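I opened this notebook to record what I looked up in the structure. The entries follow the order in which I consulted it.

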Amino acid sequence: MVSDSNGHSDSLQTLRESNIWTRPVLEDIQLKAQLGRYRMQGFSTHRRVPTFDDLTFVPCTLSRVPLEGYREKCETKTVLGGRFAAQPVVLDRPITIAGMSYGALSGRAKTALGRAARRAGISTTTGDGGMCREEREEVDTMVYQVLPSRYGFNPDHLKLAQAAEVVIGQGAKPGTGGVLLGSKVSEEIAEQRTLPVGVDQRSPVRHPDFIGPDDLQLKIEEIREATDWQIPVYVKMGAARVADDVKLAVKAGADVLVIDGMEGATGASPDALLDHTGIPTMSALCEAVRSLEEIKALGEVQIVISGGIKNGVDAAKALALGADAVSIGTAALVALNCNAPLYLEDYEKLGVKPGFCHHCHTGRCPVGITTQDPELMKRLEVDDAADRVFNFLQSMTMEMQMMARACGKNDVHDLEAEDMRALTLESSIITGIPLAGTDFVLSPDAIAERVAARLGSGSSEAR
Amino acid sequence: MAQVTSAVATLDCAELETREVNRTLKQLVADGATEIRVRNPAGRHSLGVAIKANVKVVFEGPVGWYAAGMNYGPHVVVQGNCGWGLAECMMDGRVEVLGHAGSGTAASIRGGLVYVRGDTGARAGIAMKGGTLVVGGSVGYMTGFMMQKGSIVVCGDAADGIGDSMYEGTIYVGGSVASFGADAEVAELASEDHAFLTQTLAQFDTDASAFDFTKVRSGRRLWNFSTKEPELWTSAL
């Protein structure tokens, strides 16, 4: 301990950590001082944001009559894309597997997802890099993405798809293209994407042949002409200015909107984008629904919501808020075994432990999911992995049905905002659902009304 | 509507919707037409897309956006100008435009040959994954942006940022270059380059020796993250 000339010391017995210069901040700066660039990571944001957990269902009691929880039928069939397409997508459950690239994921992981999706009667989605042949062979309903990079894009593959999805952006990093670091650009992946082996691939964010919403209308028309107006065209967007984006996409002719909130994950991204761009999934969904209502397109254009959907309860809440289906990515990977306590020594090599791993970008996935390393890939046994994903999808479906029955609904799509209450003030304001224990929503209009009522006038002047 | 004379068919689209034009085109191909002449295209968008056949299609007039996009094999001739995204994502085949073309010409093509007798807009040959683009006139800014493979031949001038962030591929410019894009570098022409240019341009009655071509290729310094060239990385897109 250092003392002054009088023998006094300024040091405290208790160590005080700065609220600004926290240990993670210090570590972040020191790491960037070594890297000379932004930090990269896989997975999703670490931030706490308003989520579906901030809502709760208020099931039937005396004022409503529930359905028998374990016996009565509860429909889950979902139809997407009937606005212009001759053959809409019909799913057995309101769930889709989100677009994840063959490249970010191993071929085995894509195959397992395809197999599970077929058993569950749902769709999978391609990703940057085009169609994985094994996945296509497994799955009945495939959504083929049209991405800015057009890596691996093949019109023949588009014609094999049950829907096309024009990707404008993703929730993990709206406004920025994807990244696939060189460690994952193997010979096979490089050939599929027409890239040099081992290159740090940074995908473009703008499409090569269109820029704005008017152009998108023409692009959608081209896709329809290429597929003879048979399949639906989805438009996927990272959640940012959702209200405006929704209107523009609908005007451009989208059948289905896929809105990806900021909790959406990725195989690789600068962490600054993950933590500081986009808006939360629940907020995005509410904004999208209001926007569709405003232009009288709710029901005509479907909403698929994604970003941090982790179970059937989240899905049920999303449906109650107006989504037609949810899309899952990370949850499906976790069902595959992501972050499972296996091969502990390989987690250690990455400097993490099971439950904390977000090193998809390195290509050193200990459980063989987000890797192109032949030895690591062998760790994912496809049959077992597909079973696990199917079981998870089944559990999600049962949870959705459970919530719907408890709320007296015989179709999960009949869930509505009135079936819920908000547990936090912010979720109440975002969703327009009353805070539990109250009968009002804290909106500017509501405040004005109450003030007016308190003043006893109720006139517009009081507002 | 469509008139078929032996293997040559004529399709007048004056009274048709785009959807009917494309359906009829595909039906004519299925019926065995080897050449289809399309009258009154009138600048419609998305004409002649996703055709997978060895057939010649001649548009007797200007076409709009995405003409001959996603094709696999046909020989398409446009007797006029065309809009953005000409032949985008073409897998194979041949497209010839006798006028000018808009931006994103030959975007992300993976094979075949695209020829524009006049000028092209911005980002011609963007993200090309193979094939050849030949421009008789000049090209707009950022031509060859993020090009991955294939060749671009420009007989006229190139605007700013040519070859920006190319992965691979080769661009030849016969006129002036306003500026090079990030990581684009000039290379010396080898005998194979001269042979390629002579052979390619001869198809369009153009003498390659009349030009002093500049060869542009990737410097490969953006292939992998590096802290050694911070200026390059902060200027790169």
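The model is predicted: local features need pLDDT of at least 70 and side-chain atom pairs count only at pLDDT 80 or more, while totals for chains, interfaces and linings use all residues. Residues are numbered from 1 along each chain as its sequence is written, and chains are lettered from A and ligands numbered from 1 in the order in which they are written.

**Entry: A:F52**

I looked up which residues A:F52 touches. Leaving aside residues up to four places away in sequence, I found A:M282, A:D314, A:K317 and A:A318. I located A:F52 in the loop between β1 (40-43) and β2 (55-57) of chain A; helices (H or I, at least four residues) and strands (E, at least two) are DSSP runs, numbered from the N terminus. Is A:F52 buried or exposed? A residue is buried if 20 or more other C-beta atoms lie within 10 Å of its own, exposed if 12 or fewer, and partly exposed in between. A:F52 is buried, because 26 other C-beta atoms lie within 10 Å. I also noted that A:F52 and A:V313 are 261 residues apart along the chain, with 8.4 Å between their C-alpha atoms.

**Entry: helix α7 of chain A**

I then turned to α7 (residues 242-252) of chain A, where the buried residues include A:V242, A:D245 and A:L248. The buried residues of α7(A) pack against α6 (213-226), β11 (233-238), β12 (256-260) and α9 (281-294) of chain A. Just after α7(A), I recorded a positive phi of about 105° at A:G253.

**Entry: α6(A) with α7(A)**

I found that α6(A) and α7(A) pack at an angle of about 40°, their axes being 8 Å apart. Axes are lines fitted to C-alpha atoms, for helices over the stretch in contact, and angles run from 0 to 180 degrees between N-to-C directions. The two helices α6(A) and α7(A) are therefore oblique to each other; angles under 35 degrees count as roughly parallel, over 145 as roughly antiparallel, 65 to 115 as roughly perpendicular and the rest as oblique. The contact involves A:P213, A:L216, A:Q217 and A:I220 of α6(A), and A:L248, A:K251 and A:A252 of α7(A).

**Entry: chain B against chain A**

Lastly, I looked up how many residues of chain B are in contact with chain A. I found 35 residues of chain B in contact with 23 residues of chain A.

How values were computed:
Two residues are in contact if their C-beta atoms, placed from the backbone, lie within 7 Å.
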